[in-house]
Amino acid sequence: MKIIQVEITNSCIHHCSNCTRFCGLHEKNFMMSLKEFQNAVDSLKDYKGIVGVMGGEPTLNPQFPEMIQYLREVRPEGRRSDGLLAPTRDFNQFHKNYWNDLTNARRGLWSALGNRYYENLEAISDIFPYQCLNDHKNTGMHQALLISRKELGISDEEWIPLRDKCWIQNEWSASITPKGAFFCEIAAALDMLFDGPGGWPVEPGWWKRTPAEFGDQLHWCEMCSAALAVPRIEGNRETDFISPAIWEKLKNRKAWKVVNGRCRVFDTAHYDQSQYTINYSGEPYLSGKDVRISQDTGSTLFPHEIAVFTSGNATLPQGEKFHTISRDDAENLKFDDWLLILNGNIPQTTGQYMQNAVFNPGVLYYAAGGKLIFLNRRASALMNSHRLPLDLKLLKKIFSREKRYRWSEWKNPDRASLKQRIRRLRKHLKESFYYRSGLLLKSLGITERW
């Protein structure tokens, strides 16, 4: 497998239809401890693929910051993250361009965004070269997962080949939860949902097992309908299809979907396989046609509030996110989110942009001469600071070179900078090179050897 997931919580900010973690069906959610996470990562020391951090929504785990720092320390190799540096209005496009490539990534994050993602954006940008981001507000079709094959009358002879072609097993990941290691992430989720016996011990080499060694874990496949021709429904409908026998196990739970009538019992007695198609790939969950990050969700990454310290004759920019603070409050770091230091007036378009764009909270943004300085209270560079210098030269000494951005386009912020244009050109040339090389190799008939 290309990816093995470490699932640090099954708590989530959503209750998506037919969730692969069955969010909304649990009465109580788990939070993996830091020690359990460290043991999980240590067990994958020699694994050459990507170690993913996943939930639920993983950023909800209160020890998420410590966990991802440990992951970076233990797995420093692989491609560096193409970190967010220049401000951007279109975070969805930025993600597609720079955080959507699995090649030699080694570390990955699966998230639906939200406030905790916003709070940890600097570390996330530094640590994860690959991120699977999906706010689940699109109409991607989610397949029913809790319909057992025996209730549908599917024989062993028909079932075994279907199970072996399961798209989740073939395209998705093995998984670690606080209850052990599993060959399949759905098996891990089912074990948690139904209080199963747990997985294999999380120890070095557990992931080298072959299918012949999966053993008792395969009994979870009997409850899973991923490999079958069953109904699908839009993910944002927050509704699950469940077969009668499995519903009997869930109907008395005080879980969100049960209490709120979000479970549909599937009529297995009148099941007609010809009405549905078997899914052999994960495309309905990761369709290129869907917008993975809506504008509504992307806006949660815009500055939440901006404290402004002005000197001289500078005036407060227009906008509901701006509020003035005194020199004393600015110097003593008495602001919760962003601080804008103004040594002159800025255009109204710049003020509007600053409220409606994504900035990296770990980066010092500044205009030439310090007319404009923009920084965040959560920046790691300020972690041990008790007093903030308001002078640009002194601030540059606090922030490392890779965490400083000279914002030369601040007067016309929607215009791409020279660095951004060069970056896009290099990416285009790289992709063009690989494409043309592939055509040449194919014409020579040596693609397999290549």
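The largest nonpolar core of this predicted model has 107 residues, and Phe 91, Tyr 117, Leu 146 and Leu 340 touch the most other members. A nonpolar core is a set of buried Ala, Val, Leu, Ile, Met, Phe, Trp, Tyr and Cys residues joined through side-chain atoms within 4.5 Å. Buried means under 20% relative accessible area, exposed over 50%, and partly exposed in between, with a 1.4 Å probe and protein chains only. Helix H8 (residues 185-193) gives the most to this core, with six residues. Helices (H or I, at least four residues) and strands (E, at least two) are DSSP runs, numbered from the N terminus. In soluble globular proteins, nonpolar side chains tend to be buried together.

Leu 340 touches a number of residues, including Ile 306, Phe 309, Pro 317, Met 354 and Phe 374, with residues up to four places away in sequence not counted; contact means heavy atoms within 4.5 Å.

Next comes a sheet. Six strands form an open sheet in the order E4-E3-E2-E1-E6-E7, with mixed pairing; two strands pair if DSSP finds at least two bridges between them. Strand E4 (130-133) and strand E7 (180-182) are the edge strands, each pairing on one side only. Strand E3 (residues 107-111) pairs with E4 in the parallel sense over four bridges. Across this pair, Gly 108 stands opposite Tyr 130, and Leu 109 stands opposite Gln 131. In a regular strand the side chains alternate between the two faces of the sheet. In E4, Tyr 130 and Cys 132 point one way, Gln 131 and Leu 133 point the other way, and all are buried.

Two helices remain. The axes of helix H1 (residues 34-42) and helix H2 (residues 64-74) come within 10 Å and cross at roughly 25 degrees. Axes are lines fitted to C-alpha atoms, for helices over the stretch in contact, and angles run from 0 to 180 degrees between N-to-C directions. H1 is therefore roughly parallel to H2, a term for angles under 35 degrees. At this pair, Leu 34, Phe 37, Gln 38, Val 41 and Asp 42 in H1 meet Glu 66, Met 67, Tyr 70, Leu 71 and Val 74 in H2.

Residues are numbered from 1 along each chain as its sequence is written, and side-chain values use heavy atoms, with hydrogens and water left out. In this predicted model, local features need pLDDT of at least 70 and side-chain atom pairs count only at pLDDT 80 or more, while totals for chains, interfaces and linings use all residues.

Methods:
Parallel < 35°, antiparallel > 145°, perpendicular 65-115°, else oblique.
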